[in-house]
Amino acid sequence: MLSGLTVSERQLSLVVLGLLAVCGLAMIGAGRNDDALGTHGFIVLGVSLGLTFLVISRYFDPEPSQERLSEYYDDPTRAGIILAMVWAVIGMFVGVWVAALLAWPDLTFDAAWASFGRLRPVHTNGVIFGFGGNALIATSLHVLQRTSRARLPDQFSPWFVLIGYNLFCIIAASGYLMGLTQSKEYAEPEWYADIWLVIVWVVYFLIYIRTLQRRKEPHIYVANWYYMAFILVVAVLHIVNNLALPVSLGHAKSYSVFSGVQDAMVQWWYGHNAVAFFLTAGFLGMLYYYLPKRAERPIFSYRLSIISFWGITFMYMWAGSHHLHYTALPQWVQTLGMTFSVVLLVPSWASAGNALATLNGAWHRVRDDATLRFMMVAAVFYGISTFEGSFMAIRAVNSLSHYTDWTVGHVHAGALGWVAMITFGSFYALVPWMWKQGRMYSPKLVEVHFWFALAGTVIYVFAMWNSGIIQGLMWRTYNDSGTLAYSFIDSLVAMHPYYIARTVGGLFFLIGAVVGAYNIAMTIRMARAAKVREEAGTDVPLPRPVATAMQAGE
Amino acid sequence: MELGERDPVTGRHTTGHEWNGIEELETPVPRVVLFFLAATTLFAIGYWILMPAWPLGVSYTKGLLGFDQREVVTRQVRDAAFARAAWTDRIARASFEEIAADPTLMRHVREAGRTLFADNCAVCHGVKGTGGPGFPNLAAGAWLWGGDPATIAETIRIGINSTHEGTRVSQMMAFGRDGVLTGQQVLNVGAYVRSLSGQSLSEAERGRLAAGKEVFAANCVVCHGDNGKGKHDVGAPDLTDQFWIYGGDVQSVHTTIYGGRQGYMPHWQDRLSPVETKLLTLYVLTLGDRQ
């Protein structure tokens, strides 16, 4: 990793790490009366000092040769894949835990940090930002270089983005365990973490712009439109929704500059577009590269891609208010949210259809290749959950579904069925390319992972559909006296079996992810072993593996 | 547009661009996509014309239907209250005895009271009203402040040791911790208290009974009465029955005498209407029926 940096980049790293260490010290000093800020200061200081020692220890390594400039820079992608799988296992494990907590509330073991309110954001942020975010960074850097035929502009900034982003994730997750939160869903980290993410994100965007500027292809490929939309819009959303005033500079706690219904509207404008641009646009970028690559088919329709892209980016911006139907939000805002959500179905299904039609002529591969099947099922779940989303945005439907487990089921149809499946499919295609192997360590385990993931998703989603609709109906049923027929406790008792089923579904999905992490780890070991054999020279009676800069299909 | 090669599977040309092996076909946008794009857009426009939709500075387009969610919900709440008034008015007017004697009204009490109780009271008293450690059993007929309907209704209204200015106040002193009684005296009176409800005592406890009785007479009778039957005006429990709020075993009784007890029940005046309080009172009184 570090020997790939030039001497001037190593110097730059030391300067940046020094500044980071100063920030950490400042946080420790400012937060001495406030546990959380001080604790985070120690984390920042520890990470920057650790990395500083690492850089110093490799400081006098020989500089990378000029030949590197004729190759793509994939080290950050490799690290990103590993980080994504680590977060996947952590985030999904906590997910199974919080699911179990709903069925068996005593599993907090009387520890404050293990209460539902603290663990849940660790789960949501762990899987969305930890797993999803690292997967997006890793794949976007890979796709960007391949489709631009240009190497990343330098070796320092991708590492800054990757490590900086993971530092943000660590500060976020550890903050929740200490009870720190802005109380905004998916935007829980406090002000200093938010500021840090802005810096990281701007560098990320600049990598994209600087690489595209130097591209050797006349056109910018669709995947890059989506990755760019993801980076740009997430920056805008993140900055606006997190505008807040800290209680003081020595305090972790801050208060949003928005209040009341404006606060709610800004939050759900953010929240829904986080779904749109983080969990949809970014992963569509992934789909647009790895699916046609693996299927070895041309994209079904370029024109459909254009309509879908602009339809999705334009329409999603309006849809957030459908999270606030029948609330204090003025009805006209709800109308706009609902109607744009309905129109949004068309470009969403056009994207899913474009992906599935691309597989025409390659369905035999879908049947035989679990990696491609992951991507196909992802496109199907993308279609299912976008239909469901538009449907639930209709006010009359929402009056039944809102506040129930149906919403949770919907989110997981998207998160497990679409986001995680497309990521796993892409990783299984990408890992052998990145580590110069002909295939994954075990294609059988890919197949095992696929069925665990699919079974887990189906069990989870069906449990939540049942639970949500029963819940919604129980809450609105009246008896002959004209009063509510069921108490809230009655609805909880009715939910119990579904909560157990959901835990089982989630556990299946987690087992699949663990199998996947193992398979990837073993593939990396396989690559290391091959490298050792290669370096051992001709003594070893094995044919020399072909180690080219790029291999066929990549 | 300059076209590329023909794709043998679909028969379409590619667009002529290629990114690391990925190509795109120039397939036109399928008609069905354009149709649904038009259909959903028309639906949206129609909805905007009929419903409140677009902002106009300080106001907004009201829509031809004149639909307003605030008016709708206000009307629905009013209509529902009106429909219920058929029986709630009778509950409001009638006395407790009259309601209890009317099977139709009692059916409403059981129906509406069950959810009202589960949503407001069950968290402490349990879904069946049987209480739990620290929370009295309402199905036992062992009333701290009196079991007639008017008294129960008043307890619900003002609460116990609550923030209501007229709250019922009940406090058992921490006889051991505050040094009113010595350790031995606490042990003695604990044995005596347990004997009042006819519990089987150990040999050691039986030896403490006489001394315990003296301690009881000097310290406890003010609230619990000469015979330990309790007093409703101070909310002191009957010590001779089988119902224990904090437990009747040796350890629990000792803890209670040593550290005292201050039960807490919130007041419901600001939360429940007079009719709902009346409903709950009557419902609570039916809890014992099932025992």
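How much area do domain 1 of chain A and domain 2 of chain A bury between them? The two domains bury about 1900 Å² between them, 72% of it on carbon and sulfur atoms; buried area is the accessible area (1.4 Å probe) that two parts lose on being put together, summed over both.

This is a predicted model, in which local features need pLDDT of at least 70, side-chain atom pairs count only at pLDDT 80 or more, and totals for chains, interfaces and linings use all residues. Residues are numbered from 1 along each chain as its sequence is written, chains are lettered from A and ligands numbered from 1 in the order in which they are written, and side-chain values use heavy atoms, with hydrogens and water left out.

**Domains of chain A**

- The domain assignment, which comes from an automatic or database source, divides chain A into domain 1 (1–71) and domain 2 (72–533).
- Taken over C-alpha atoms, the centres of domain 1 of chain A and domain 2 of chain A are separated by 29 Å.
- Contact between them (heavy atoms within 4.5 Å) takes 24 residues from domain 1 of chain A and 23 residues from domain 2 of chain A.
- Across this interface the rule finds zero salt bridges, a salt bridge being a side-chain nitrogen of Lys or Arg within 4 Å of a carboxyl oxygen of Asp or Glu.
- The rule does find eight residue pairs in polar contact between domain 1 of chain A and domain 2 of chain A, both residues at pLDDT 80 or more. A polar contact is a pair of N or O atoms within 3.5 Å; within protein, one must be able to donate a hydrogen and the other to accept it, and residues adjacent in sequence count only if both atoms are side-chain atoms.
- On the side of domain 1 of chain A that touches domain 2 of chain A, α1 (7–30) and α2 (35–57) of chain A each supply at least two residues. Helices (H or I, at least four residues) and strands (E, at least two) are DSSP runs, numbered from the N terminus.
- The largest share of that side, eight residues, comes from α2(A).
- The residues of that side comprise 14 nonpolar, six polar and four charged. Here Ala, Val, Leu, Ile, Met, Phe, Trp, Tyr, Cys and Pro count as nonpolar, Asp, Glu, Lys and Arg as charged, and the others, Gly among them, as polar.

**Interface of chain B and chain A**

- In this interface, 51 residues of chain B are in contact with 55 residues of chain A.
- Chain B and chain A bury about 4400 Å² between them, with 64% of it on carbon and sulfur atoms.
- Of the area that chain B buries against chain A, B:Trp19, B:Asn20 and B:Gln69 supply 17%, more than any other three residues.
- Two salt bridges are found across the interface of chain B and chain A.
- B:Asp7 and A:Arg297 meet through their side chains in a salt bridge (2.8 Å, N to O).
- The rule also finds 25 residue pairs in polar contact across the interface of chain B and chain A, both residues at pLDDT 80 or more.
- α1(B) gives the most to the side of chain B that touches chain A, with 10 residues.
- By class, that side of chain B has 28 nonpolar, 11 polar and 12 charged residues.

**Domains of chain B**

- Chain B is divided into domain 1 (1–67), domain 2 (72–166 + 266–290) and domain 3 (183–259).
- The C-alpha centres of domain 2 of chain B and domain 3 of chain B lie 32 Å apart.
- Domain 2 of chain B has 12 residues in contact with 11 residues of domain 3 of chain B.
- These two domains bury about 770 Å² between them, 67% of it on carbon and sulfur atoms.
- B:Gly134, B:Leu144 and B:Trp145 supply 58% of the area that domain 2 of chain B buries against domain 3 of chain B, more than any other three residues.
- Between domain 2 of chain B and domain 3 of chain B the count is zero salt bridges, while two residue pairs are in polar contact, both residues at pLDDT 80 or more.

**Side-chain pairs**

- Over all chains, the structure holds 19 salt bridges.
- A:Glu190 and A:Lys253 form a salt bridge between their side chains (3.8 Å, N to O), and the pair links distant parts of the chain, 63 residues apart.
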